[in-house]
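I opened the model to see how its chains are built and how they meet. My notes follow in the order in which I looked things up.

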Amino acid sequence: MRAEDRVGIAVCAAVVTACVVHVMAPSAPIYYPLDPAWRWEKVPGGVAMHWYGRSAWSLASGVLAFGLAHFAAGLVRRDPPRWLPRALAALGVGSLALALAFVAQHEWSVWMTR
Amino acid sequence: MIVFESFVKVLHFLHWVAAITCLAACVHLIVRLTKSRVDRRVYLHARTLLVAYLAVYTLGSLVYPTFRVRVRAEFLDRVYPWATGLFEVKEHAATLALLPVVGIFLLSRPLLSRSERQAPPHSPLLLGLSVLVMCVLVFNACVGWYLGTLRSV
């Protein structure tokens, strides 16, 4: 497989994986700016920042997916099918649009209706 | 004591400068891509976008603790909770757009070594990611500016 196709597949895999992990929001360390300290557990009433841990998970998983997909695509010897670029575009752009829509809908339901 | 609070205004100003650079680079990138997908200047704009986005993301991360305490916890959460919602969307969108920006840079690299008539194979993904990143940048710039009119760091 050509180097360009390997990069295309790896970029798509990274974007999709980061979007899925960001939406799933697995347990992550929380930063408390007034202490200042990192903790895994939530402290009631404290000013907490979940964004750093959640972002770190999604970005790290995206980078890992990029590496794995790039390596796996390198093992394929034949040329990619002609529909691959459009499929990768639909998958990558679609997953990013869905993740953005999910975040907007979630925050709307949490904050905008208070 | 909040980390980086003593020079948060300088960091915030640099964050603003980097955001404007991101917007300019992304507009140029999309204009070049829609006119011709074999324009080598696409790579230049993608590289500028990557550097500026990394800068705006890093600076925003450094400003965030002060904003979280002095603006959000002390003011927005109590008076304008919907503004907190806008800010949360902005921050999550910024993270979601980071890897696509890196991807735009990587996907535009083949343009340097291709002939004038040969478009890169993954130009649909390149254009699609660029348009979504542009939407995120415009939204984040508008929200960032508007929140600054309510209260800033």
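Predicted model: local features only at pLDDT ≥ 70, side-chain atom pairs only at ≥ 80, totals over all residues.

Entry 2, where the chains meet. I looked up the contacts between the two chains and found that 33 residues of chain B are in contact with 39 residues of chain A. I then asked which helices of chain B supply at least two residues each to the side that touches chain A. They are helix 2 (41-79), helix 3 (81-108) and helix 4 (123-150). Helix 3 of chain B gives the most to that side, with 17 residues. I sorted the side of chain B that touches chain A by class and got 23 nonpolar, seven polar and three charged residues.

Entry 3, chain A as a whole. I turned to chain A and listed its secondary structure, which comes to three helices and two strands. Along the sequence, the pattern of chain A reads α-β-β-α-α. Is chain A a compact globule or more spread out? Its radius of gyration is 18 Å, well over the 13 Å that the globule rule gives for 114 residues, so chain A is more spread out than a compact globule. Along the principal axes, the C-alpha atoms of chain A fill a box of roughly 60 × 30 × 15 Å. I noted that buried residues make up 34% of the 114 residues in chain A. Among contacts in chain A between residues at least 6 apart in sequence, 74% join residues at least 24 apart.

I checked the length of helix 3 (residues 84-112) of chain A. At 1.5 Å a residue, its 29 residues should span 42 Å, and its end C-alpha atoms are 40 Å apart, which agrees. I then listed the buried residues of this helix, among them P85(A), G92(A), L100(A), E107(A) and W111(A). What covers the buried residues of helix 3 of chain A includes helix 1 (3-24) of chain A, together with helix 3 and helix 4 of chain B.

I picked F102(A), which lies in helix 3 of chain A. F102(A) has 15 other C-beta atoms within 10 Å. A buried residue needs 20 or more and an exposed one has 12 or fewer, so F102(A) is partly exposed. Last, I looked up F102(A) and D79(A), which are 23 residues apart along the chain, and found their C-alpha atoms separated by 36 Å.

Conventions: Residues numbered from 1 in each chain as written. Chains lettered and ligands numbered in written order. Contact = placed C-beta atoms within 7 Å. Helix = DSSP H or I, 4+ residues; strand = E, 2+ residues; numbered from the N terminus. Nonpolar A, V, L, I, M, F, W, Y, C, P; charged D, E, K, R; others polar. Expected span 1.5 Å × (residues − 1). Rg over C-alpha atoms; globule rule 2.2 N^0.38 Å.
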